[in-house]
Amino acid sequence: MRRNGVWRGALVGVAVAGMVGLQGCGQVETAGQAMPVGHDSMARAGSAGAQWLTYGGTKDEQRHSRLSRINTGNVGKLGVAWTYELSTGRGVEATPIVADGVMYVTSAWSVLHALDARTGRELWVYDPEVDRAVGAKACCDVVNRGVAIRDGVVFLGVLDGRLEALDAKTGRLLWSVVTVDQAKPYTITGAPRVIRDMVLIGNGGAELGVRGYLSAYDVKDGRLRWRFYTVPNPDKRPDGAASDEALARLANPSWGDRGAWKRDGGGGTVWDAIVHDEVNDQVIFGVGNGSPWNAAIRDPDGRGDNLFVSSIVAVDADTGRYRWHYQTTPRDNWDYTATQTLILADLPLGPNGAARRVVMQAPKNGFFYVLDARTGALISGDAFVPMTWATGLDARGRPIETADARYGDESRLMMPGPLGAHNWHPMAYSPDARLAFIPAQEVPQAMHRDLLMETRPVAWNTGVDFSSGFAPRLPDGTIKAVRAMMKGRLIAWDPVARRPRWTVEHDGPWNGGILSTAGGLVFQGTLKGDLVAYEAATGRRLWAMNLKSGIAAPPVTYELDGEQYVTVATGWGTAFALAAGFFFDREVPPALGRVVTFRLGGTGTIPDHDLPMIERRPKAPAFGDARLVEAGFRHYARSCAVCHGPLAISSGVLPDLRWSPVTADRAQWREVVLEGRLAGNGMVSFATQLTPDEAEAIRAYVLDRANNPSG
Ligand code: CA
């Protein structure tokens, strides 16, 4: 849509400015009988049993449990068994791992808590003591999605790029390796996966500018076994890595020889989905967006696909050598990562309805893909949300882009936006109902080229301008109208029939990940703090409870002493909440981390949060003329909005600058913004990208917002 044309495009662009992305067979354990963790076979393909041993429940990562003591007939009797405070106000995205009666759950800043899974009693806490200044490198809050466990050892990815092994009984550190160049804006938020005697970990950072890769380390000592780079190095030379042959043959020719990718690393980070396909003895992983986002800036004279950005890639499990790839979004231009949940399953898609092993994904770009797991061949790809960027897939499986999709100097309304039709919130698959459950959303975003893009070491660097063409003040009703356009839903997708069987509409986007169970249930939390159980076959709502904190993380289930438990980590934070909590200004519950565990007949209660109220009034009068405020708006959108909220309205996860005493005082503002006085809290100095005059202009804009609220 043209900038001065249809109102909806401009409207969304204004309010969403800066909010973008801102990503059955052979169980051996017996229900109720906790066996020592140490058998690789325990986490085999298929459904999860009494324990929850891997990120996705099993190696196939279906997030489907075969436990059925809690079922459609009795779920109404679910009550609180115990709660545990994670003591953080930042984002919580963790999948708890439950092994040998112990729950391992991670929280903000990569802090790991080991709890008695029956009672919630704390056994030990491991804090890797991440330098809070690293928080500025985290595009999407200082979150962690969970650990891996094997043979009494817990593996933890740390925000600053470390991979660590801990004694599962005591939390004692066994080994620690640095997996990234810590001088660059890499972070780790994803869960490691253990595959045979290796632990695999990727990283993130493509919003700020890095080169992505997946690494395999020896479980014993953290020695690097193999590494697969997803995009070329700037010189297109061999790295001496497992990816050398694939890059030389496939990836290097798909990139041009100049452009911002050489400086910014090209992106392609492997920040979430990694699955072990045991049947084909391979690792399949999802690759993220290009860096910078804007392909015309990233690779100006290239016409290639920029492999392997936004791709699903399979490599040999032992060597990391390339097997196949399928690129969901050739020459990505929109932050359409393909890092979302990868699920392996057997579907009746072979000749005469024979079982065919497939891998499924619903990535940000809005298509639900079913691929042959052995070959990577596309079986089907269908839109599961409305979209403006493509009209379908062609005969070769490539998206048919719309004429406006490759935005230039004029604003275009992109659906999905960079937050994706589905982000990191885990999808689940029920082999019983033969349905994939997608935590889907519609969050459009107006995008156009950032004409002023330059190297900005502490800031997002996407080549997309989140503010240009918009005004610091908004007509009344703007936010309400934009909010009405944003939707969230739970879609039960039939991967064989290639359409939804049922859909539940939520009040808004960014709801929690999914758990499916053999009790015929689907569990999902909502941004507004309700944990809900639906009937898997129909989507009928059977039970719900408000947990007094937003929910983004996926629930899991386990069984001990004949009792089945359902548990979820609450606390919302995360990319959307940091940047767009203002859509839910008065409705979103406090963002406090807590583990809440349920059982049938549980009679526990969820404590109220005792939070100090922030005095919502300006602490100083506005100053400066309209030109200064306008300049401040532009710099705010570029440097501040992704953490403190577009339009200077914060969700409360990070300070709302309008009401801060720091904003009221010129000298204090300068100390914080330019001299790093609060670096210990994660607010590093922005002196490398803001001049003193620009910083003061931002202060003028924020105080204008505080004293003249609009929108
Ligand atoms: Ca991204």
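**Close-up views of a predicted model**

**View A. Gln340 and its partner Thr337.** The side chains of Gln340 and Thr337 are joined by a polar contact of 3.0 Å. This is a predicted model. Gln340 sits in the loop between β20 (322-327) and β21 (343-347). Is Gln340 buried or exposed? Its relative accessibility is 0%, so Gln340 counts as buried.

View B. Where do Glu207 and Asn289 lie? Glu207 is in the loop between β12 (198-201) and β13 (213-218). Asn289 is in the loop between β17 (282-286) and β18 (290-291). The pair therefore ties together parts that are 82 residues apart in sequence. Glu207 and Asn289 are both buried.

**View C. Lys137 and its neighbours.** Lys137 belongs to the loop between β6 (122-126) and β7 (148-150). Which backbone oxygen does the side chain of Lys137 reach? That of Lys184, at 3.2 Å. Leaving aside residues up to four places away in sequence, Lys137 touches Gln182, Lys184, Pro185, Tyr186, Thr187 and Leu208. Asp160 is 23 residues from Lys137 in sequence. In space, the two are 8.9 Å apart, C-alpha to C-alpha.

**View D. Pro416 in its loop.** Pro416 is placed in the loop between β27 (412-414) and β28 (428-430). Its relative accessibility is 6%, so Pro416 counts as buried. Beyond residues up to four places away in sequence, Pro416 touches Tyr336, Lys364, Asn365, Gly366, Val385, Met387, Trp389, Ala421 and Val443. Take Val443, one of these. Pro416 and Val443 are 27 residues apart along the chain, and 6.2 Å separates their C-alpha atoms.

**View E. Helix α7 packed against helix α11.** Two packed helices are described by the angle between their axes and the distance between the axes. Here, α7 (residues 626-639) and α11 (residues 692-707) pack at about 100°, with axes 7 Å apart. The angle makes α7 roughly perpendicular to α11. From α7, the contact uses Leu628, Val629, Ala631, Gly632, Phe633, His635 and Tyr636. From α11, it uses Glu694, Ala697, Ile698, Ala700, Tyr701, Val702 and Asp704. How do the residues of this contact divide? There are 10 nonpolar, 2 polar and 2 charged.

Definitions and conventions. Residues are numbered from 1 along each chain as its sequence is written. This is a predicted model: local features need pLDDT of at least 70, side-chain atom pairs count only at pLDDT 80 or more; totals for chains, interfaces and linings use all residues. Side-chain values use heavy atoms; hydrogens and water are left out. Axes are lines fitted to C-alpha atoms, for helices over the stretch in contact, and angles run from 0 to 180 degrees between N-to-C directions. Helices (H or I, at least four residues) and strands (E, at least two) are DSSP runs, numbered from the N terminus. Angles under 35 degrees count as roughly parallel, over 145 as roughly antiparallel, 65 to 115 as roughly perpendicular and the rest as oblique. Contact means heavy atoms within 4.5 Å. Ala, Val, Leu, Ile, Met, Phe, Trp, Tyr, Cys and Pro count as nonpolar, Asp, Glu, Lys and Arg as charged, and the others, Gly among them, as polar. Buried means under 20% relative accessible area, exposed over 50%, partly exposed in between (1.4 Å probe, protein chains only). A polar contact is a pair of N or O atoms within 3.5 Å; within protein, one must be able to donate a hydrogen and the other to accept it, and residues adjacent in sequence count only if both atoms are side-chain atoms.
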